[in-house]
Amino acid sequence: MDVAAERIERLHDLARAAAADDEHDRARYYVRLARRVAERNRLTLPRTFRRFICDRCDAYLRPGRNARVRLQDGHVVITCDCGAHTRYPYGDQ
Ligand SMILES: [Zn+2]
């Protein structure tokens, strides 16, 4: 794993920890940093990370706290508190 990818993983951990403490502004800050690192290094964020980020407001999504999850037509649909939806195929890990 290169340095940028490691940095992104670290920021993912920090964002997750901040969101777990309901520090959503801090979580958002780490999410944005991770996006910037990815952009600068022509990387895409890992799928496991992207799945928990709101595309509209960069919140780190925590189902039951700042996001709702439901199943629809074989898809998992995550709705952020800001109203944006993220969807992906059910069972696609
Ligand atoms: Zn959002």
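## Cysteines and the zinc site

In this predicted model, Cys57 has 15% relative accessibility and therefore counts as buried, the limit being under 20%. Cys82, at 31%, counts as partly exposed.

Both residues belong to the zinc site: the ion is coordinated by the SG atoms of Cys54, Cys57, Cys80 and Cys82, at 2.3 Å. Along the chain these donors follow the spacing C-x2-C-x22-C-x1-C. Cys57 and Cys82 link distant parts of the chain, 25 residues apart. Cys57 sits in the loop between helix H3 (47-50) and strand E1 (67-72), and Cys82 in the loop between strand E2 (75-80) and strand E3 (85-89).

The angles among the four donor atoms run from 106 to 115°, and the site of the zinc ion is tetrahedral. Ideal angles for four tetrahedral donors are 109.5 degrees.

A disulfide requires cysteine sulfur atoms within 2.5 Å of each other; the count of disulfides by this rule is zero.

## Helix H2

Helix H2 covers residues 24-40. At 1.5 Å a residue, its 17 residues should span 24 Å, which agrees with the 24 Å between its end C-alpha atoms.

Ala27, Tyr30, Val31, Leu33, Ala34, Val37 and Ala38 are the buried residues of H2. They lie on the same side of H2, because the arc they cover around the axis is only 160°. Helix H1 (3-20) and H3 are among the elements that cover them. Asp25, Tyr29, Glu39 and Arg40 are exposed on the other side of H2. After H2 comes Arg42, with a positive phi near 55°.

Methods
Residues are numbered from 1 along each chain as its sequence is written. This is a predicted model: local features need pLDDT of at least 70, side-chain atom pairs count only at pLDDT 80 or more; totals for chains, interfaces and linings use all residues. Side-chain values use heavy atoms; hydrogens and water are left out. Buried means under 20% relative accessible area, exposed over 50%, partly exposed in between (1.4 Å probe, protein chains only). Donors are N, O and S atoms within 2.8 Å of the metal (3.2 Å for Na, K and Ca); water is not among the atoms, so sites may look incomplete. Four donors count as tetrahedral if all angles lie between 85 and 135 degrees; four count as square planar and six as octahedral if opposite donors are over 155 degrees apart and all others between 65 and 115; anything else is irregular. Helices (H or I, at least four residues) and strands (E, at least two) are DSSP runs, numbered from the N terminus. The expected span of a helix is 1.5 Å times one less than its number of residues. The arc is that of the directions from the helix axis to the C-beta atoms. Contact means heavy atoms within 4.5 Å.
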